[in-house]
Amino acid sequence: MSPVVYLSLLLVWSCHQQVTSGSHVRRKQPVVGLTGRSSSNNTQTMMFQGSNDECDLVMNLSAADRCAFVKNTLDCNMEDGFINYLHVAFCLLPPNLTPLTMTLCIIWLLFLFIILGLTASKFFCPNLSAISTSLHLTHNVAGVTFLALGNGAPDVFSAIAAFSHPHTAGLAVGALFGAGIFVTTVVAGSVALVKPFAVASRPFLRDVIFYMVAVFWTFLMLYRRTTTLGEILGYLGLYVVYVLTVIISAYIYNRQKHSRTSSVRSAAHNPELHSSESSDDEDVPCPTGGSIQQEYESEYRPLLPYSESTSQILLNSLNPVDNRKWRRKSWSWRVLKVLKTPLEFLLLLCIPVVDPDKEDRNWRRPLNCCHLITAPLVCVLTFRSGIYGNYIIQGQFPLWLLMLLLGLFLSAIVFCTTTNDSPPRYHPLFALLGFVVSAVLISAAASEVVSLLHMLGVVLRLSNTVLGLTLLAWGNSIGDCFSDITIARQGYPRMAISACFGGIIFNMLFGVGIGCLVQMVSTHSDVQFESEGLLMWVLAGSLGLSLVLSFVIVPLCRFHLDRRYGIFLLVFYAIFLLIALLTEFGQIHFV
């Protein structure tokens, strides 16, 4: 991913030097087709007002005056995030070293994407799976609720973080729409190229219809430029209807399947006939990480009982490198693992993980006791960009010290009342703790990504929408792309295509819905949208067109996705990206 992102930014940097003045003038013009409408309600919150961001004017000044302008302009003071990246870009190093500053920021952006992906995959998702197992949820309910949240956590938290500031709200819609186009074209097309297959008709039509409804509803909100609390609650309620539809359809399918199986058994007692009729593709068991993990551990289980000391358990638990996997993996995997090892070590030290598929449920007594100390401190120091880190209770007692003392007290109790061999009854509560800590860390990393992309937009004179549909969408979706292609290569293309459409419905409805709801609660007012011009309509129209084409073409092909359809989707995304960039640089506009 890193070479692609870096080369794309260098290309944008070279292009924007040629269209600097034209791009700036275009961004300051009124919105095409919407200039006749103006809001007279001063209580509404302006969410999309890129044209009113005074910080964009910094690039019109000389290099020597930019630092003072950034320090004295309120729009340049980004409150969300630990680092003010505009100060870094214009005040940290001399003006002649701006390319070096941009290079360091791009490297930091890639590192933030690694934090998002690693925290979501290694800590957030496993704890959500453990919570769903503890609640005895069915696979269908868990798949469209907890697992959907786990897979879409970077997208949802990035959208919520983008909605928290007026000048970065365009990143949210750009990223959600851009990720939707990327997943439904590039990812789905790659799956069709790798493994042509016949898609399940009813789930495919169900997911496409619900996603088209969500996109159309979002388009209406952008077109009317305003939304109310009731509409947002209905917007979120659409996902509840989707979940109920999935559950009811699965129940009906299983009941019909059971009735057909019973009739076949009663009509014919030939076992060979029954085995041949029950070999449908939908009855193939899905590969689960739990069964694979159990087989892997049983293979290397010692023949004689062996008990580790407390210190050995702690050291082995904090080691993120599995020596047995290290010997079997390629050199590229080893290089990436070396780069991620320090970060993974820190995350292991702060976030507990409960694994119901293991015999001991991943109970590590010394490490879990340390989690009771480190996890509350991490939450206090990182929640809402660390604003509670210096909070003093009644002006006398620091909040972080209270969390430290409380963690030490709980850690001592757990250590003295448990053993190394068996987990306690309340061990599932550690999954809830791990869920909270990983969610706070993902939110903090998402806020940093949004702030950093806003700075790149100011420096490169790009709108937040184009940054959202490219860098933010690619960064949040590249992991899903590789995982779905891997699942397809293993012989489960239906599972991969279901993940393509099922996850993005959750991301859009909850990303936009929760983002708007948070703003309404914080400002006690309705939300008003103001699009960033033609690019927003190109984005929404392209996503809607791709869904309509899939809705029409796939049934005409009898729900068989072959390589021709995959090539068509990839070409569609390339044409969309070309039109979006030409629109951003002012080459396509209304006459």
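## Buried, exposed and in between

A residue is called buried when its relative accessible area is under 20%, exposed when that value is over 50%, and partly exposed in between. Keep in mind that this is a predicted model.

Glu231 comes out at 16%, so this residue counts as buried. Its salt-bridge partner is Arg224, with N and O 2.5 Å apart. Arg224 has a relative accessible area of 32%, so this one is partly exposed.

## Other salt bridges

Searching the whole structure turns up 6 salt bridges. Side chains of opposite charge can pair when their charged atoms come close. Besides the Glu231 and Arg224 pair, here are a couple of others.

Arg564 and Asp562 join through their side chains at 3.0 Å, N to O. Arg564 is exposed at 67%, whereas Asp562 is buried at 17%.

Then there's Asp322 with Arg324, where the closest N and O atoms sit 3.5 Å apart. Arg324 is partly exposed, at 30% relative accessible area, and Asp322 is partly exposed too, at 24%.

Lys122, Lys325, Arg327, Arg328 and Lys329 make up a positive surface patch. The biggest contributor is helix H15, which covers residues 323–328 and supplies 3 residues.

Lys329 lies in the loop between H15 and helix H16, the latter running over 331–350. With a relative accessible area of 35%, Lys329 is partly exposed. Patch members need over 30% relative accessible area and no salt bridge, and Lys329 at 35% is above that area cut-off.

Conventions:
Residues are numbered from 1 along each chain as its sequence is written. This is a predicted model: local features need pLDDT of at least 70, side-chain atom pairs count only at pLDDT 80 or more; totals for chains, interfaces and linings use all residues. Side-chain values use heavy atoms; hydrogens and water are left out. Patches are made of residues with over 30% relative accessible area and no salt bridge: like charges are joined within 9 Å, nonpolar side chains (Val, Leu, Ile, Met, Phe, Trp, Tyr) within 5 Å. Accessible areas come from the Shrake-Rupley method with a 1.4 Å probe; for residues, only the protein chains shown count as cover. A salt bridge is a side-chain nitrogen of Lys or Arg within 4 Å of a carboxyl oxygen of Asp or Glu. Lys and Arg count as positive and Asp and Glu as negative; His and the chain ends are not counted. The place of a charge is taken as NZ of Lys, CZ of Arg, CG of Asp or CD of Glu. Helices (H or I, at least four residues) and strands (E, at least two) are DSSP runs, numbered from the N terminus. Buried means under 20% relative accessible area, exposed over 50%, partly exposed in between (1.4 Å probe, protein chains only).
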